[in-house]
Amino acid sequence: MEEQCDDPSSALFLDSLYLGVRKSERHSDKVTLGLLAKPHPQSRTCCPVPSQTEPPCGLNFIDLMVRQGNIDNPPKTPLVPGFECSGIVEALGDSVKGYEIGDRVMAFVNYNAWAEVVCTPVEFVYKIPDDMSFSEAAAFPMNFVTAYMMLFEVANLREGMSVLVHSAGGGVGQAVAQLCSTIPSVTVFGTASTFKHEAIKDSVTHLFDRNADYVQEVKRISAEGVDIVLDCLCGDNTGKGLSLLKPLGTYILYGSSNMVTGETKSFFSFAKSWWQVEKVNPIKLYEENKVIAGFSLLNLLFKQGRAGLIRGVVDKLLELYNQKKIKPVVDSLWALEEVKEAMQRIHDRGNIGKLILDVEKTPTPLMANDSTETSEAGEEEEDHEGDSENKERMPFIQ
Ligand SMILES: NC(=O)c1ccc[n+]([C@@H]2O[C@H](COP(=O)([O-])OP(=O)(O)OC[C@H]3O[C@@H](n4cnc5c(N)ncnc54)[C@H](OP(=O)(O)O)[C@@H]3O)[C@@H](O)[C@H]2O)c1
């Protein structure tokens with residue numbers, strides 16, 4: 001599929017890079033996610049050059065939410081989903097400095113990351129290390145920047161602290177666990193579906209089933225509670241998270257996975273989640289010495305103009321990557337034709353780490369190559385507990 005591209009004379013274009021993510025003809029007429037194709041600009045500086053490499057993009061939980069209409073102010077359909085990708089620079093806007101055609105990069109994109117050619121402002125583009133594969137790069141920015149900013153920019157994680165993270169086996173969850181391990185003596189409490197526990201047990205200190213009474217479990221181990229609660233579930237987990245905070249502890253809400261309960265948007269789940277959210281009383285926060293915060297990376301990037309801050313975070317993360325202290329966990333690679341099965345896998349809670357849409361893949365699910373940590377979750381998908389209600393595969397995109 002071809003991405004919409006702005007007029008080459010526009011200011012946006014002049015500051016933009018093309019990331020060459022060219023797919024073969026095989027794909028061009030098969031993936032029709034409501035795509036609007038527009039011709040590429042014809043000027044010398046902006047014509048994408050066909051590339052030998054056909055790099056991938058990340059599939060995130062938020063893509064499920066976008067598809068279901070579970071987000072505020074979604075763009076008008078038809079749209080191309082996706083917020084992050086990796087690729088090779090194919091063309092540069094006239095005013096772009098510091099990048100060359102052929103550079104290997106990863107990027108945030110405000111939608112359209114699943115297109116074969118992506119045009120994005122240079123402020124959202126980052127060069128990747130030579131030994132980082134494109135799959136790793138596509139799995140890197142969203143998960144690690146989110147995890148890093150919450151732990152270090154918002155909650156000020158320090159030696160000896162404790163962290164509770166939900167969906168510990170997911171993309172962000174695994175990034176949180178790895179970043180916590182870079183600080184001495186951090187205790188990580190995680191919740192996840194039980195079938196994942198064996199695979200992720202070494203990444204966290206204490207693991208609980210996602211259906212367990214985790215408040216009691218945490219208090220049994222640490223009567224005072226924890227220093228940081230990272231809540232991507234929302235609903236009644238907000239009150240539970242706040243109740244687990246030690247004095248001076250920080251609760252961060254960064255998602256609302258609980259709203260996703262079926263293959264389409266559920267107003268019941270939405271209302272239930274909203275209704276169950278603890279109504280916060282600032283006076284109580286003051287008396288109990290608790291901090292409550294929210295975090296949205298996409299808003300920070302695309303609405304609140306903090307790309308400079310995030311570039312600094314990406315630099316620190318790439319340093320940790322180069323020191324081999326962190327490494328993206330890639331769950332599985334999927335062809336674009338398999339996007340509905342890939343989404344279903346997240347929906348079925350089958351993933352450990354990040355799913356990647358790889359335009360070079362044939363439509364048979366393949367596990368990631370050796371250069372990237374992969375899970376065996378694909379083979380266990382049908383067997384794990386706790387998701388019997390989701391066993392039947394439902395068509396997501398028709
Ligand atoms: N605010 C931000 O800037 C930001 C950025 C990135 C992600 N997020 C949020 O962080 C969360 C994790 O994102 P991710 O992309 O890393 O995804 P992910 O954790 O890989 O998502 C899949 C996992 O979430 C868990 N889950 C919880 N509720 C679920 C539900 N209703 N349906 C299906 N799975 C559910 C499942 O694990 P278990 O069954 O093991 O619990 C599942 O395997 C999401 O809520 C996402 O919106 C926020």
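Contact, on this tour, means heavy atoms within 4.5 Å. The model is predicted: local features need pLDDT of at least 70, side-chain atom pairs count only at pLDDT 80 or more, and totals for chains, interfaces and linings use all residues. Residues are numbered from 1 along each chain as its sequence is written, and side-chain values use heavy atoms, with hydrogens and water left out.

**Stop 1: the whole chain**

Show the cartoon. The chain has 15 helices and 15 strands. These are DSSP runs numbered from the N terminus: helices are H or I with at least four residues, strands are E with at least two. Colour by burial. Of the 398 residues, 56% are buried. Buried means under 20% relative accessible area, exposed means over 50%, and partly exposed lies in between (1.4 Å probe, protein chains only).

The chain exposes about 17,600 Å², and carbon and sulfur atoms supply 51% of it. Accessible areas come from the Shrake-Rupley method with a 1.4 Å probe; for residues, only the protein chains shown count as cover. Then turn to the contacts. Among those between residues at least 6 apart in sequence, 75% join residues at least 24 apart.

**Stop 2: helix H3 and Asp63**

Select residues 61-68. This is helix H3, and Asp63 lies in it. The buried residues of H3 are Asp63, Leu64, Met65, Val66 and Gln68. Their cover includes strand S2 (57-59) and H14. Just after H3, Gly69 takes a positive phi of about 75°.

Zoom in on Asp63. What does Asp63 touch, leaving out residues up to four places away in sequence? The list is Gly58, Gly82, Phe83, Trp114 and Met343.

Look for a charged partner next. Asp63 is buried but has no salt bridge. A salt bridge is a side-chain nitrogen of Lys or Arg within 4 Å of a carboxyl oxygen of Asp or Glu. The nearest side chain of opposite charge belongs to Lys354, 7.6 Å away. For charge, Lys and Arg count as positive and Asp and Glu as negative; His and the chain ends are not counted.

The Asp63 side chain does have a polar atom 2.7 Å from the backbone nitrogen of Asn60. A polar contact is a pair of N or O atoms within 3.5 Å; within protein, one must be able to donate a hydrogen and the other to accept it, and residues adjacent in sequence count only if both atoms are side-chain atoms.

**Stop 3: the ligand**

Select the ligand and its surroundings. Which of the 26 residues around the ligand come nearest? They are Ser193, Lys196, Ser257, Val260 and Leu297. A residue is near a molecule or strand if one of its heavy atoms lies within 4 Å of it.

Three helices each supply at least two residues of this shell: H5 (141-154), H6 (171-180) and H14 (339-347). H5 gives the most, with three residues.

Now draw distances from the ligand's polar atoms:

- Val260: a backbone N or O atom lies 2.6 Å from a ligand nitrogen.
- Arg349: an N or O atom of the side chain is 3.0 Å from a ligand oxygen.
- Cys232: a polar backbone atom is 3.4 Å from a ligand oxygen.

Taken alone, the ligand exposes 910 Å², and the protein buries 94% of that.

**Stop 4: salt bridges**

Searching the whole structure finds 10 salt bridges. Visit three of them.

Pick Lys127 and Asp103. Their side chains meet at 3.9 Å, N to O. The pair links distant parts of the chain: Lys127 is in strand S6 (residues 125-127), Asp103 in the loop between S3 and S4, 24 residues apart. Lys127 is partly exposed at 42% relative accessible area. Asp103 is buried at 17%.

Next, pick Arg345 and Asp331, which meet at 2.6 Å, N to O. Arg345 sits in helix H14 and Asp331 in strand S13 (residues 329-334), 14 residues apart. Both Arg345 and Asp331 are buried.

Finish with Lys290 and Glu288, at 3.3 Å, N to O. Is Lys290 buried or exposed? Lys290 is buried, with a relative accessible area of 16%. Glu288 is partly exposed at 33%.

**Stop 5: Lys97**

Go to the loop between strand S3 (84-92) and strand S4 (104-108), where Lys97 lies. Lys97 counts as exposed because its relative accessibility is 69%. Lys97 and Val122 are 25 residues apart in sequence and 8.7 Å apart in space, C-alpha to C-alpha.
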